[in-house]
Amino acid sequence: MPKFRFFPNRMEDYSAHADVSVDKERWLSRIKSLIAEILEYIRGEKSTDGGLYVGSIGVAYMLCYASEFEPLHDRKMVYLNEASDVYKFNRNYFDRHRPRDSDRTSFVLGEAGLNAVGLYLGSMTKNKSLVSANLDQYLSLHKTFLHLNMRCGSDELFVGRAGYLCGIYFIKNILGNQEKLDTMFELNQGIDDIILAMIRSGRSLAAKIRSPTPLMYSYYDTLYLGAAHGLSSILQMALQHKTFIEKHPMEAAWVKDSVDWLLTIQQPNGNFAPAMDELSSPRSEKDELVHWCHGAPGVIYLLARAYLIWKEEKYLNACLKCGECVWQKGLLNKGPGICHGIAGNGYVFLLLYRLTQDKKHLYRATQFANFMLTDEFQSKARTPDNPYSLYEGMAGTVCFLIDLLQPEKAAFPFFNVFDDD
């Protein structure tokens with residue numbers, strides 16, 4: 001028998017019109033125990049490598065997020081103090097070892113992500129100087145992203161323009177429309193300029209390779225389509241700035257045509273190929289990727305944003321197909337994380353619940369959380385390389401479980417499609 005990337009889903013599905021009960025006390029207890037385990041680890045070992053993705057600064061983000069959750073307010077200062085220790089450790093490292101430009105500008109993997117978390121921490125602790133210092137450092141990078149060919153992956157989410165925009169939207173959500181943003185940096189125009197550079201880059205490559213879509217991007221010579229490095233998250237970050245779509249109709253049309261092209265390649269089971277070369281040579285069922293990083297669980301955020309912007313049912317229908325795929329194949333054996341684990345796929349159902357208010361999706365999210373407690377998962381799932389991290393490990397799982405208890409505002413970290421910028 002071939003080994004599949006996912007556990008078979010033997011769980012009972014939602015019955016129409018049934019009530020959905022989320023055991024808040026049970027999950028709150030689980031959240032507290034997971035955070036305690038993470039803190040025990042992080043006090044002994046803090047990594048400066050891997051940024052938000054697998055580094056300790058991703059854990060600091062989770063601690064800030066947990067401190068905002070009202071049922072955990074009795075531990076708020078403990079979590080914020082621990083996050084502050086992690087932030088200072090990473091900041092001291094970067095101050096002593098000035099990184100390469102690529103490490104400074106990367107949001108998911110580098111110092112830009114550290115600046116975003118530092119600003120978040122400063123906002124949570126009402127430390128205005130920490131907010132100001134990190135805001136200045138983050139915004140000082142924006143001109144770097146206006147150069148058309150910065151480096152390999154100049155547009156993608158981890159190291160390129162899409163990631164930088166992702167951080168900007170996160171920062172704006174934290175700070176709101178404070179006057180400080182307007183006086184220090186013409187932020188909206190800066191976002192427009194970066195999106196225009198991103199679109200020029202996509203147009204150039206699309207023309208060069210005769211792409212079937214108006215915009216296309218590559219990362220290490222691979223034409224990725226998923227959220228981690230590919231087309232979907234790049235388009236999503238363009239759509240996140242609603243005023244850009246309104247002010248630039250020609251560019252908006254190119255974005256929309258590219259989104260519509262993605263609809264044409266959605267597989268019958270609802271999934272998406274990880275890259276262009278796999279359209280002609282698709283993976284076998286056992287090797288199919290149903291991950292946030294590659295596949296339907298990441299592309300769905302673009303489709304959801306497109307639905308919120310253009311209000312066309314075809315985007316919502318495509319989102320629902322993604323959800324069916326995740327329900328069938330989303331119990332991943334790679335672990336509990338949000339990048340390529342069960343918590344990340346559980347977030348798909350929380351997104352669909354916010355889009356539709358259909359209790360079926362909240363039920364499915366709860367079932368994915370339940371599965372992570374089963375003996376089958378505990379004994380057979382792979383232990384991630386970075387088991388306490390935000391994207392691969394328990395820190396991301398904590399974020400998912402917190403959002404399971406507040407589904408009306410649940411959002412995959414840094415991917416809140418409901419925020420209008």
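Contact here means heavy atoms within 4.5 Å. This is a predicted model, in which local features need pLDDT of at least 70 and side-chain atom pairs count only at pLDDT 80 or more, while totals for chains, interfaces and linings use all residues. Residues are numbered from 1 along each chain as its sequence is written, and side-chain values use heavy atoms, with hydrogens and water left out.

**Aspartate 192**
- Aspartate 192 is in contact with His241, Phe244, Lys247 and His248, leaving aside its neighbours within four places in sequence.
- Its relative accessibility is 1%, so aspartate 192 counts as buried (under 20% relative accessible area, 1.4 Å probe, protein chains only).

**Cavity**
- One cavity of 30 Å³ or more is found in a search of the whole structure; a cavity is a set of points, on a 1 Å grid over the protein atoms alone, where a 1.4 Å probe fits but cannot get out.
- The largest cavity holds about 60 Å³ of space, a volume being the space filled by probe spheres set on the points, with grid points joined across faces, edges and corners.
- Residues lining the largest cavity (an atom within 4 Å of a point) include Tyr301, Tyr347, Phe412 and Asn416.

Key
1 Å grid on protein atoms, 1.4 Å probe; cavity = no way out; pocket = protein on both sides within 12 Å on 5 of 7 lines; lining within 4 Å. Buried < 20%, exposed > 50% of the residue type's maximum accessible area, 1.4 Å probe, protein only.
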